[in-house]
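Reader: I've got a new model open and I'd like to learn to read it feature by feature. Could you walk me through it?

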Amino acid sequence: MPDLKLRYPQSHVLPSALRQKLRLSRIYVDLTRELMTMAFNGKDGADIEALLVLLCIFVGDAEGRSTTATKIASHSGLARQSVYRRLNLLIDLGKVVKSGRNYYLAQGAAVADEKGRLSRILNNYWRK
């Protein structure tokens with residue numbers, strides 16, 4: 001692997017730390033792109049914040065907890081108004097349903113990774 005260095009370093013970063021950050025950044029980008037494809041498949045209006053809100057609802061459902069906009073905002077770090085906008089988008093896309101103050105994944109919204117794409121991404125980076 002070539003010697004890594006930042007083009008415009010604000011601080012001195014050791015090559016080993018830079019390699020680790022680079023690896024984590026690549027994993028994050030690859031996983032995020034794949035999750036966006038799996039969740040939205042190019043639907044208009046879907047963005048990274050919508051994905052984050054959808055994943056928070058998924059976690060709540062998987063753990064058997066009720067998920068409110070306030071809990072999503074707290075867990076995701078997004079402003080509550082942003083959460084409400086993304087929730088409305090997700091409802092319009094048929095990914096989320098609302099019941100009282102709680103939000104749940106709509107039937108069929110959690111797409112199974114039958115081809116193991118997410119695992120393959122992680123395995124590719126762990127082998128390097």
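This is a predicted model: local features need pLDDT of at least 70, side-chain atom pairs count only at pLDDT 80 or more; totals for chains, interfaces and linings use all residues.

Reader: Okay. How many of the residues count as buried?

Author: Buried means under 20% relative accessible area, exposed over 50%, and partly exposed in between (1.4 Å probe, protein chains only). In this chain of 128 residues, 30% fall in the buried class. The accessible surface, from the Shrake-Rupley method with a 1.4 Å probe, comes to about 9,000 Å², and 52% of that belongs to carbon and sulfur atoms.

Reader: And how do you read contacts along the sequence?

Author: A contact means heavy atoms within 4.5 Å. If you take contacts between residues at least 6 apart in sequence, 52% of them join residues at least 24 apart.

Reader: Which residues have the most contacts inside the largest nonpolar core?

Author: A nonpolar core is a set of buried Ala, Val, Leu, Ile, Met, Phe, Trp, Tyr and Cys residues joined through side-chain atoms within 4.5 Å. The largest one here has 22 residues, and Phe 40, Ile 57 and Leu 87 have the most contacts inside it. At least two core residues each come from helix H1 (15-40), helix H2 (48-62), helix H3 (69-76), helix H4 (80-92) and strand E2 (102-105). H2 gives the most, with six residues.

Reader: Now helix packing. At what angle do the axes of H1 and H2 cross?

Author: Axes are lines fitted to C-alpha atoms, for helices over the stretch in contact, and angles run from 0 to 180 degrees between N-to-C directions. Angles under 35 degrees count as roughly parallel, over 145 as roughly antiparallel, 65 to 115 as roughly perpendicular and the rest as oblique. The H1 and H2 axes come within 10 Å and cross at roughly 80°, so the two helices are roughly perpendicular to each other. Residues of this contact divide into ten nonpolar, one polar and no charged. For those classes, Ala, Val, Leu, Ile, Met, Phe, Trp, Tyr, Cys and Pro count as nonpolar, Asp, Glu, Lys and Arg as charged, and the others, Gly among them, as polar. On the H1 side, the residues include Tyr 28, Leu 35 and Phe 40, meeting a set in H2 that includes Ile 48, Leu 51 and Leu 55.

Reader: What about H2 and H4: how do their axes cross?

Author: Those axes come within 9 Å and cross at roughly 80°, so H2 and H4 are roughly perpendicular to each other. The contact residues divide into eight nonpolar, one polar and two charged. Glu 49, Val 53 and Ile 57 are among those on H2, and Arg 86, Leu 87 and Leu 90 are among those on H4.

Reader: Which residues does Asp 61 touch beyond its sequence neighbours?

Author: Asp 61 sits in helix H2 and is partly exposed, with a relative accessible area of 27%. Not counting residues up to four places away, Asp 61 touches Thr 67, Tyr 103, Tyr 104 and Leu 105. From Asp 61 to Tyr 103 is 42 residues in sequence and 9.0 Å in space, C-alpha to C-alpha.

Reader: And where is Arg 117?

Author: Arg 117 is in helix H5 (residues 117-127). Glu 34 and Met 38 are what Arg 117 touches, not counting residues up to four places away in sequence.

Definitions and conventions: Residues are numbered from 1 along each chain as its sequence is written. Side-chain values use heavy atoms; hydrogens and water are left out. Helices (H or I, at least four residues) and strands (E, at least two) are DSSP runs, numbered from the N terminus.
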